[in-house]
Every structure is written in structure tokens, then in C-alpha cells.
Amino acid sequence: MIKRRLWLCFGVVLLATACQPQPTAPPPEVLRISIARDVVSLDPTQVHQPSVDESLIRNLYNGLYKFDDSLKESPDLATAMPAVSSDRKTWTFHIRPDAKFGNGDRVTADDVIFSWNRAARVQSADALVFEPVAGFDAVQSGKQSTLAGLSAPDQGTVVANLSAPAEYWFALLGIWPAYVLNRRVLQDYGDKDWWRTPKHLSDSATGPFQLNAWQPGMWLDFTPTPNWWGGGTGTLTRVRAEILATASDTLAAYGHGDVDIVGYAPNGRMPEITLDALANYESDSKLASQVHSRPWYETVWLKFYMRSGPLAGPDGRMARKALSQAIDRKAFVGAACNGGLTCVPATGGMFLPGLQGYLGANKDPNAKFDVSAAKADLRSWDPGGTRSRGLHMYTFSIYKPLVEEVHRQWLVNLGIDVPFDIVDSPAMNRVISGGVNTVDFDSPQNFLTEFFDSPSYSNPVFNELETTAEAQLPSQALPLYKQAEQILEDDVAVASLGYRLGIFLIKPSVFGAGGNALYEYYWRGISIKTG
């Protein structure tokens with residue numbers, strides 16, 4: 001009797017439950033992005049910035065450290081910040097015990113050392129990530145196959161001995177050449193083409209997304225990593241990268257709703273739709289909100305050569321300042337950057353907004369447009385009007401619009417005709433050169449090292465600050481780098497003119513997408529809302 005009553009009660013519960021509305025599974029969230037070409041490689045040692053490949057692999061792999069969407073660097077596969085010896089030459093890293101590759105293998109010190117040695121052997125600029133490590137030159141020359149400075153006291157610990165202190169190495173450890181691969185997978189399936197098989201790539205990677213399928217020339221399909229060691233992978237259930245090789249195909253796919261984002265894997269500096277189409281979007285009140293941009297990757301500038309020539313030394317400072325302040329940055333980007341579609345005025349110094357070292361909007365005194373002050377300074381420097389005749393600009397053909405607009409403004413605003421030449425290769429002892437400075441990683445050293453006893457500039461106080469900063473830890477180095485930057489500002493070593501823009505088209509249903517001065521935001525922070 002007792003058993004029957006239990007069964008009756010259980011039946012009532014089932015009936016009541018059946019009558020209740022049952023929760024439905026959330027609809028799949030599939031993010032569709034356009035890419036301008038098929039991948040060349042998804043091997044971190046073969047990837048360069050900016051490229052389709054670099055943008056994709058940031059979601060597939062991890063290093064010991066990573067930059068988040070706000071460019072703050074923090075531990076990733078590592079448990080904490082590195083322990084650094086008092087002489088700043090020995091760095092000790094501890095690996096998270098729960099960090100795993102896609103096939104479930106634990107990430108070990110042997111995997112880290114294998115990956116870093118492999119990256120150091122590559123004959124490309126990206127191998128320079130490991131230049132600070134002892135033995136790098138021997139590996140690059142082929143005399144050794146492993147970095148002498150790397151060791152593993154145990155499988156949870158990596159020790160790196162540097163040839164000299166290098167605070168900027170911490171920033172380098174957050175980018176793709178330092179990603180960690182599964183040593184066993186590459187040894188089993190070949191060091192070169194392992195990544196071409198989706199399963200082998202996923203087995204060798206630690207990231208929140210995996211390559212699920214690849215139809216060469218058409219699309220790549222990515223899915224969240226099951227039971228990812230890092231926690232939640234976000235709400236996206238799939239990311240489809242559609243290969244659209246022409247701007248017209250890209251614009252049509254976005255307009256028809258076949259892709260959700262354009263420009264999320266930039267393969268170059270220019271937008272992935274035509275400039276006319278971009279202008280049409282920006283001018284359409286219904287579509288303008290879908291255009292998103294951020295200062296990205298490059299600062300457009302003039303560099304003044306101060307070692308010799310008419311602008312040299314302290315005596316030339318007044319002229320350098322006059323030349324900089326006679327340029328209307330807003331008019332400059334309108335003329336030299338496709339009507340202002342591809343650049344914004346640089347008013348915060350040589351560092352892009354969002355990077356360490358950025359002075360802040362309108363904080364660069366040399367970028368203040370002041371024709372009266374510029375004319376007065378120029379007259380004081382060149383009262384007879386003869387010294388200005390020694391001025392000359394040089395640039396590469398790609399930057400011709402830059403110097404053409406500067407030439408026009410100096411002619412109108414200062415009354416001086418500064419000729420320019422288009423050159424095919426860099427040369428020393430120029431008077432003024434026009435071009436860009438690109439950023440590779442977020443440390444002021446990345447820009448400031450350009451001026452360390454360079455062909456255009458030398459200042460012993462600057463050199464001492466830059467050298468001292470490199471021997472510190474990042475937090476201690478930043479104030480020194482800022483002092484060095486201020487010296488460049490005081491000397492008017494450059495005239496920063498514009499910040500390159502990275503352009504996205506993003507559908508209103510997509511939330512959390514965007515980018516910073518270096519990268520696009522990670523996929524795991526993006527969601528799709530429909531209805």
C-alpha cells in the first residue's frame with residue numbers, strides 16, 4: 001500500500017510538471033564575419049599584423065599572458081605575473097595546473113619551452129620577441145636549435161635568463177609568437193602543416209574557440225571549445241568567417257544580411273569596402289550607427305632630422321615648432337586621409353589613444369594650430385628668408401598625399417615653398433621625412449626606441465632615460481618613458497599629424513564587438529540579439 005501511494009504521488013508530480021510551460025533552448029548565436037582572403041597560416045610563428053590570420057588565431061591560442069580588450073596585460077596560462085630577479089635578468093613563470101589543450105593534455109613547461117624555441121628559430125621579424133633571451137643569436141644563426149636561457153625546474157615552472165634587462169619583454173609575451181602549442185601534437189603530425197587539419201589544430205591549441213571546419217577559398221567555421229579550461233566561452237555558438245575577396249562582394253554580403261561584421265579580421269590598413277560606400281554609410285541617418293572606428297595601428301607624422309642640416313640642434317627648435325604649429329590637423333586628415341574617412345587628427349602626441357604614453361586629446365602643444373605664433377617663430381629663426389630655402393621633404397610614394405598637403409599648408413600658412421621628393425628606399429640625413437610609425441605592442445619602448453641614437457635624433461638625457469627604463473619592471477619604467485617622451489616633445493623631434501582608423505561595419509544585432517589601438521575584441525565577449 002505504501003509503495004502504491006508513492007507511485008501515485010510520483011504520477012501526480014509528473015502530470016503537474018507536464019502541464020507547466022517548459023523552458024526552451026536559447027536560439028543559436030552564430031556570428032558571421034567577412035575576411036578579405038583565405039588564411040595563409042594559422043601557425044602562430046607564421047602570422048603577422050595586420051592580417052586575417054593574426055585576428056583569427058587570437059581566439060584559438062593562449063600565451064602565458066594576454067592583453068584584454070582594454071589593452072591591460074594579465075596572466076593567461078601563467079598563474080601570476082613573473083617573478084623577476086633583482087638584476088632584472090632572470091624571469092620565473094608558473095603555469096596554471098588546470099590549463100589544458102583542446103585534446104585534454106595538460107600544458108607543461110616542456111610545451112612552453114618547445115613553443116618559444118620554435119618561434120625563435122623562425123627567420124622573420126616576429127622571432128625578435130625572443131631576442132632578449134640568452135642564446136637568441138646562436139639560434140637565429142643556426143648554431144643552436146634551442147635558447148640557452150630557457151629551462152624548466154619542473155613541469156609547472158619555466159625560467160628565462162635574459163642577456164640584458166628588457167622590461168618591454170613582458171609586453172612581447174602577450175602577443176602571438178609567444179603562444180603555447182602542444183609539443184606532442186606537432187611532433188606526431190609534423191611541424192609544418194599540422195594546423196591544416198582542424199582536429200590537429202584544436203588538439204594543439206588552448207583557446208576558447210576551435211577550428212571546426214575549413215572549406216578553402218570559401219569559409220572557415222569555428223566553435224567554442226568544449227569544457228574550456230578558462231571558464232565560459234561566451235554565448236556565441238559558432239563563428240563563420242566568409243571569404244569575400246572583393247570590396248563589392250563584401251558590401252553586398254553585408255547589405256543582404258549574409259555577414260554581421262565587416263573589418264573584424266583586417267588584412268591591411270584600408271577599409272574592406274570602398275571609400276565611396278563607406279562615405280554613403282556615414283552620411284545615411286539610418287546606417288551611420290553601423291559604422292564603428294577606432295584609432296589603430298599607425299601614427300602619421302613628420303620626422304625632423306636634427307643631427308645636421310638647417311633644422312639641427314637647439315637652434316632649429318624654433319623652426320621645427322613653427323613647422324608643426326602651421327599645420328591644421330583637421331584640414332590635413334581631410335585632404336591626406338580620404339576626406340577624413342581613414343584618419344583622425346593627432347592631438348595627443350605620437351602614441352595612439354589607448355596606448356601607454358598617449359598624452360590625451362589636445363595635450364600635444366606642438367599640434368596646436370597657431371599660424372600667428374608659427375609665423376613669428378619662423379621670422380625669428382629666419383629673419384632674412386634664406387634659411388627656409390634649405391628645407392626639403394622626402395617620402396615614399398605611398399605617402400605622397402601626406403607631403404602634398406603639408407606642402408600646401410606651409411605655402412598658404414607660412415609663405416614658404418618646401419619642395420619634396422619621392423624616394424624608393426630610406427636614406428640618411430634627410431631634412432624632413434613624411435611617413436608613419438606603426439605600433440607592434442603596448443610599451444612606450446616600441447615607439448621611443450626609434451629615437452635612440454637614430455640618424456635623425458640624439459639626446460644623451462633621452463638615451464639615459466630610455467636605457468634606464470628598459471632595465472626596470474614595467475610599472476617602474478612607465479614614468480621614465482614618459483619623461484623621455486616629454487624630451488621628444490620639448491625638442492619637437494616629430495610633428496604627429498593623424499591617427500590611422502580601423503573601420504568596422506557592425507549590424508545592430510551584434511553586441512560587444514569593437515576594437516582597440518592594436519586588436520579586435522575577443523569573440524567570447526560578443527553576443528547576438530535578435531527579435
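Visitor: Where is the place of Ser 509?
Guide: Ser 509 sits in the loop between strand E17 (494-506) and strand E18 (510-511). Helices (H or I, at least four residues) and strands (E, at least two) are DSSP runs, numbered from the N terminus. This is a predicted model, in which local features need pLDDT of at least 70 and side-chain atom pairs count only at pLDDT 80 or more, while totals for chains, interfaces and linings use all residues. Residues are numbered from 1 along each chain as its sequence is written, and side-chain values use heavy atoms, with hydrogens and water left out.

Visitor: Why is Ser 509 called partly exposed?
Guide: Buried means under 20% relative accessible area, exposed over 50%, and partly exposed in between (1.4 Å probe, protein chains only). The relative accessible area of Ser 509 is 22%, so Ser 509 is partly exposed.

Visitor: What is Ser 509 in contact with, leaving aside its neighbours within four places in sequence?
Guide: With those neighbours left aside, Ser 509 is in contact with Ser 527, Ile 528 and Lys 529. Contact means heavy atoms within 4.5 Å.

Visitor: Why does Gly 257 count as partly exposed?
Guide: Gly 257 has 25% relative accessibility and therefore counts as partly exposed. Gly 257 lies in the loop between helix H8 (247-255) and strand E11 (261-262). Leaving aside neighbours within four places in sequence, Gly 257 is in contact with Arg 32 and Lys 507. The C-alpha atoms of Gly 257 and Arg 37 are separated by 20 Å, and these residues are 220 apart along the chain.

Visitor: What makes H15 and H16 roughly antiparallel?
Guide: The axes of helix H15 (residues 460-470) and helix H16 (residues 474-491) cross at roughly 160 degrees and come within 8 Å. Axes are lines fitted to C-alpha atoms, for helices over the stretch in contact, and angles run from 0 to 180 degrees between N-to-C directions. Angles under 35 degrees count as roughly parallel, over 145 as roughly antiparallel, 65 to 115 as roughly perpendicular and the rest as oblique. H15 and H16 are therefore roughly antiparallel to each other. The residues of their contact divide into ten nonpolar, two polar and two charged. Ala, Val, Leu, Ile, Met, Phe, Trp, Tyr, Cys and Pro count as nonpolar, Asp, Glu, Lys and Arg as charged, and the others, Gly among them, as polar.

Visitor: Why are H10 and H12 called roughly antiparallel?
Guide: The axes of helix H10 (residues 317-325) and helix H12 (residues 371-381) cross at roughly 150 degrees. H10 and H12 are therefore roughly antiparallel to each other. Their contact has eight nonpolar, two polar and two charged residues.

Visitor: How many residues has the largest nonpolar core?
Guide: The largest nonpolar core has 108 residues, and those with the most contacts inside it include Phe 93, Trp 116 and Leu 220. A nonpolar core is a set of buried Ala, Val, Leu, Ile, Met, Phe, Trp, Tyr and Cys residues joined through side-chain atoms within 4.5 Å. Helix H3 (residues 109-121) gives the largest share of this core, seven residues. Another core, of 33 residues, lies apart from it, with Ile 327 and Trp 381 among them.

Visitor: How many of the residues of the chain count as buried?
Guide: Of the 531 residues of the chain, 52% count as buried. The chain has 16 helices and 19 strands.
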